[in-house]
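I opened my notebook to look around the inside of this protein. Here is what I looked up, entry by entry.

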Amino acid sequence: MLGYASVGTNDLPKALAYYDALLADIGGKTLMEDEGRMRIYGGGAGAMVMVTKPHDGKAATIGNGSMLALAAGSRDAVDAMHAKALSLGSADEGAPGDRGNGFYGAYFRDLDGNKICAFHMG
């Protein structure tokens, strides 16, 4: 059902370098780009992620209660994505662990403060 989700940034080159590295291990590739404005990542199937400067030209801000959840593919991949995110400068929002009902997740914030969850079901 979900086509794509977007996260705003105030430093596009820095954000793109971050997301290039973060999404590479789960198959995230550039599918579309408007240089200097936005890039859309995808793995060939399912939802995509857009990293963008706000269209209205105002500063990007984080949403209270907004979160991007990325399917990592396995518990080990969740652990690896969380570790990679922290190595890229992310703030830790919750170490990898079982959250109940077969949901294994880890939480962090990107360089602009957007909240992200790496997760695996099962």
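Entry 1, a term I needed. A polar contact is a pair of N or O atoms within 3.5 Å, where one must be able to donate a hydrogen and the other to accept it. I also noted that I am working with a predicted model.

I went to the loop between β7 and β8, where Asp-110 sits. With that term in hand, I found that the side chain of Asp-110 reaches the backbone nitrogen of Gly-113 at 2.9 Å. I also found a polar contact of 2.6 Å between the side chains of Asp-110 and Tyr-19.

Which side chain of opposite charge is nearest to Asp-110? I looked it up, and it is Arg-109, 7.4 Å away. A salt bridge needs a side-chain nitrogen of Lys or Arg within 4 Å of a carboxyl oxygen. Asp-110 has no salt bridge, yet it is buried. I then listed what Asp-110 touches, leaving aside neighbours within four places in sequence: Val-7, Tyr-18, Tyr-19, Ser-90 and Ile-116.

Not counting residues up to four places away in sequence, Val-51 touches a list of residues including Val-7, Leu-12, Leu-16, Tyr-19 and Met-38.

How many aromatic pairs does a search of the whole structure find? I got two. In one of them, the rings of Tyr-18 and Tyr-19 have their centres 5.0 Å apart and their planes at 80 degrees, so I wrote down edge-to-face. Tyr-18 is buried at 2% relative accessible area, and Tyr-19 is buried at 1%.

Phe-103 and Phe-119 make a stacked pair, with 5.5 Å from centre to centre and 10 degrees between the planes. This pair links distant parts of the chain, as Phe-103 is in strand β7 and Phe-119 is in strand β8, 16 residues apart.

Why does Phe-103 count as partly exposed? Buried means under 20% relative accessible area, and Phe-103 has 22%, so it counts as partly exposed. Phe-119 is buried, with 19%.

Methods
Residues numbered from 1 in each chain as written. Predicted model: local features only at pLDDT ≥ 70, side-chain atom pairs only at ≥ 80, totals over all residues. Heavy atoms only, no water. Contact = heavy atoms within 4.5 Å. Helix = DSSP H or I, 4+ residues; strand = E, 2+ residues; numbered from the N terminus. Buried < 20%, exposed > 50% of the residue type's maximum accessible area, 1.4 Å probe, protein only. Lys, Arg positive; Asp, Glu negative; His and termini not counted. Phe/Tyr/Trp six-rings, centres within 6.5 Å; stacked < 30°, edge-to-face > 60°.
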